[in-house]
Amino acid sequence: MRAFERFLNYAVIHTRSDETSASTPSTDRQFTLANRLAEELRALGVPDAAVDERCYVYASLPATPGLEEVPAVGFIAHMDTAHYEAGHVRPRLHPDYDGGAVQLEGRVLSPEMFPHLPGLKGQTLITAAGDTLLGADDKAGIAEIMTMVERLQAEGLPHGRVCVGFTPDEEIGRGADHFDIARFGAETAYTVDGGAAGEISFENFNAAGAEVTVHGVDVHPGSSKDVMVNALLVGMAFHALLPAGETPRDTEGYEGFYHLMQMEGGATQARLRYIVRDHDAASFQKRLDTLRCAAETLNRQWGAGTVELEITEQYRNMAEIIRTRPELIERARRAARKAGLTPRVNPIRGGTDGAQLSFRGLPCPDLGTGGYAYHGPFEHITAEAMDRVAEMLVILVTEEFV
């Protein structure tokens with residue numbers, strides 16, 4: 001079975017995670033895909049495939065005879081989807097795509113918005129219908145790993161031990177929290193959770209979440225002179241104290257940002273939720289200090305306790321770990337070339353489970369799945385890119401022995 005065919009089956013399973021939930025997994029619906037994947041792995045001849053009580057899937061292929069001493073390598077992808085409508089996903093195939101605009105329901109996927117689209121001409125483009133995300137992040141990675149497993153088994157290709165892991169709740173920053181590295185069993189691994197096919201990444205953001213709570217004083221507006229403190233206006237003032245032009249829309253490459261994700265409330269109380277990102281550790285710390293300074297400034301103006309700031313650090317840049325294992329990147333480069341892809345080593349403008357796992361002792365750079373425009377209705381991928389990524393994974397575990 002080709003990788004895209006598997007992906008179409010997985011895409012329709014609703015697996016969106018929920019950051020407001022304290023449980024793991026954050027949504028029970030993620031078990032639907034986890035159980036299916038374990039069953040499929042067993043059908044492919046991987047008898048130890050299992051789902052644990054927290055919705056992590058673990059499986060391994062023993063080394064072929066004579067290669068038992070080869071260090072085990074792992075592949076990891078996540079099952080949940082992002083904070084966007086993810087129920088009732090309806091994948092659409094556009095065979096022999098012409099490179100131009102694609103009419104979706106209520107919106108248009110266009111080269112003006114996504115200049116890479118003409119480069120996909122002639123391939124089978126896969127989109128959602130237009131009212132949901134597609135789920136290529138990261139069900140495409142899952143499908144590519146599963147296709148690798150099928151090929152290794154069906155073709156009898158020589159390899160060392162290969163470990164497979166699928167995680168819940170990556171999109172809410174908890175995918176690695178309960179990942180059992182010892183049970184997984186690999187010495188090194190790759191997350192298959194990136195963008196364009198051939199993309200190899202080992203530099204990710206340092207990341208934190210910040211929640212600002214503003215306590216206002218609400219009285220009748222007709223008699224509020226020098227008494228009212230409008231929490232929404234103070235929240236707006238907080239945001240205005242952050243550097244202009246340092247938002248996701250205004251930044252690229254290694255540039256960091258402040259992203260205001262949500263603002264809600266009224267005159268009495270307001271909340272602002274941010275994510276803060278930067279590749280450079282020193283610059284990241286300065287961003288956190290800027291948030292603290294903004295809160296202190298407004299508390300001096302409006303009174304102590306008016307603004308409460310809670311910062312939660314989420315993950316760190318795995319580059320400091322992966323730079324000690326350059327062979328992981330070089331192996332991925334070679335595999336990409338042999339699979340007919342152009343390897344591109346790019347920083348991740350985000351994070352993966354691999355960032356946390358790298359600091360826990362499992363060096364884990366990231367590989368592209370072939371997808372674009374993740375986390376929204378314009379998400380898309382091609383069948384041909386998925387084929388090549390699956391081939392790249394096979395080469396990664398067999399190239400030394402064939």
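Before you click anything, one term: a residue is buried when its relative accessible area is under 20%, exposed when that area is over 50%, and partly exposed in between (1.4 Å probe, protein chains only). This is a predicted model, where local features need pLDDT of at least 70 and side-chain atom pairs count only at pLDDT 80 or more, while totals for chains, interfaces and linings use all residues. Residues are numbered from 1 along each chain as its sequence is written, and side-chain values use heavy atoms, with hydrogens and water left out.

**Stop 1: C55**

Select C55, in the loop between β1 (50-51) and β2 (57-61). Helices here (H or I, at least four residues) and strands (E, at least two) are DSSP runs, numbered from the N terminus. C55 is buried, because its relative accessible area is 0%. Check its backbone too: phi is positive, about 80 degrees, although C55 is not a glycine. Most residues other than glycine have a negative phi, and most peptide bonds are trans.

**Stop 2: D226**

Now jump to D226, in the loop between β11 (206-215) and α5 (231-240). Phi is positive here as well, near 60 degrees, in a residue other than glycine. Is D226 buried or exposed? It counts as exposed, because its relative accessibility is 73%.

**Stop 3: two cis bonds**

Zoom in on T24 and P25, which are joined by a cis peptide bond with omega at about 0 degrees. P25 lies in the loop between α1 (3-11) and α2 (30-43). Then go to D137 and D138: a cis peptide bond joins this pair, with omega about 10 degrees.

**Stop 4**

Color helix α10, residues 383-398. How far apart are its end C-alpha atoms? They are 23 Å apart, which agrees with the 22 Å that its 16 residues should span at 1.5 Å a residue; the expected span is 1.5 Å times one less than the number of residues. Twelve of the 16 residues are buried, so α10 is mostly covered. Among the buried ones are A383, M386, L393 and T398.

To see the contact (heavy atoms within 4.5 Å), show side chains: residues including A140, I145 and L152 in α3 meet residues including M386, V389 and V397 in α10.

**Stop 4: Y190**

Select Y190 in strand β9 (residues 188-194). Y190 is buried, because its relative accessible area is 0%. Not counting residues up to four places away in sequence, its contacts include V73, F75, R331, P365 and L396. L396 is one of the buried residues of α10.

**Last stop: Q123**

Finish at Q123, in the loop between β6 (107-109) and β7 (125-127). Q123 counts as buried, because its relative accessibility is 19%. Leaving aside neighbours within four places in sequence, Q123 is in contact with H94, P95, D96, Y97, T382, E384 and A385.
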